[in-house]
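Here are a few notes to read alongside the model.

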Amino acid sequence: MTHQNFLRPLLGLSLALFVLVILTGYFAPLAPYQDIFFISILFFVVFSIITYGLAHTAAHSSNKFAFTHVTFLFLFGKLFFSVLILIVYKKIAQPETDLFVLPFFLVYLCYTAFETGFMMKLGRISGKKSGKRSET
């Protein structure tokens with residue numbers, strides 16, 4: 001998987017979500033939560049780039065367990081930071097309702113699907129490398 005094969009879909013997804021954020025400004029119940037929409041998009045873009053960088057390195061590593069370790073590290077890291085963002089947002093912004101979770105969850109699902117796709121592609125690279133080592 002090349003860097004361009006990662007960055008183009010990431011950019012496309014992010015632009016689509018930015019358009020969705022702008023459109024939610026016209027939808028009264030979610031309009032007050034555009035800030036959490038932007039925060040979550042920014043977080044997941046940065047998180048995806050870091051994940052890709054480390055997973056790409058791990059997939060090409062001679063350590064056959066490196067990719068699995070990176071995968072688990074980022075799975076738990078994403079969950080931890082997602083909960084942390086929601087707690088901090090609720091504490092600072094003090095939203096009137098819990099509807100702010102909806103935009104965050106939508107962004108979370110979109111980037112999780114995206115990350116699953118590129119991690120599967122990188123996992124195939126890692127699997128081929130480890131398969132070659134075990135045959136020799």
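Is E115 buried or exposed? E115 has a relative accessible area of 7%, so this glutamate counts as buried. Please keep in mind throughout that the model is predicted.

1. **Overall layout.** The protein chain contains four helices and zero strands, and its elements follow the order α-α-α-α from the N terminus. Along the principal axes, the C-alpha atoms fill a box of roughly 60 × 25 × 15 Å. Among contacts with a separation of 6 or more, 77% are between residues 24 or more positions apart.

2. **Surface and burial.** The chain has 136 residues, and 35% of them count as buried. Its accessible surface comes to about 8,400 Å². Carbon and sulfur atoms account for 73% of that surface.

3. The structure holds two salt bridges. K90 is partly exposed, with 40% relative accessible area.

4. **The nonpolar core.** What is the size of the largest nonpolar core, and which residues have the most contacts inside it? This core has 35 residues, and Y111 and L122 have the most contacts inside it. Each of α1, α2 (34-59), α3 and α4 (101-135) supplies at least two residues. The helix that gives the most is α2, with 11 residues.

5. **Around Y111.** Leaving out residues up to four places away in sequence, Y111 touches L10, L13, S14, L17, I41, F44, V45 and S48. S14 belongs to helix α1 (residues 3-24), and its side chain makes a polar contact of 2.6 Å with the side chain of Y111. Apart from neighbours within four places in sequence, S14 is in contact with V45 and Y111. Its relative accessibility is 7%, so S14 counts as buried.

6. **A nonpolar patch on the outside.** F80, F81, L84, V88 and I92 form a nonpolar surface patch, and together they have about 490 Å² of accessible area. Take L84 as an example: this leucine lies in helix α3 (residues 66-93). With a relative accessible area of 36%, L84 is partly exposed.

7. **A backbone angle to check.** Which residue other than glycine has a positive phi, near 45°? That residue is Q94, which sits in the loop between α3 and α4. Most residues other than glycine have a negative phi. Q94 is exposed, with a relative accessible area of 62%.

Note on methods
Residues numbered from 1 in each chain as written. Predicted model: local features only at pLDDT ≥ 70, side-chain atom pairs only at ≥ 80, totals over all residues. Heavy atoms only, no water. Buried < 20%, exposed > 50% of the residue type's maximum accessible area, 1.4 Å probe, protein only. Polar contact = N/O pair within 3.5 Å; in protein donor to acceptor, adjacent residues only side chain to side chain. Contact = heavy atoms within 4.5 Å. Patch = residues over 30% accessible without salt bridge, like charges linked within 9 Å, V, L, I, M, F, W, Y side chains within 5 Å. Areas by Shrake-Rupley, 256 points an atom, 1.4 Å probe, with all protein chains shown as cover. Salt bridge = Lys/Arg side-chain N within 4 Å of Asp/Glu carboxyl O. Core = buried A, V, L, I, M, F, W, Y, C linked by side-chain atoms within 4.5 Å.
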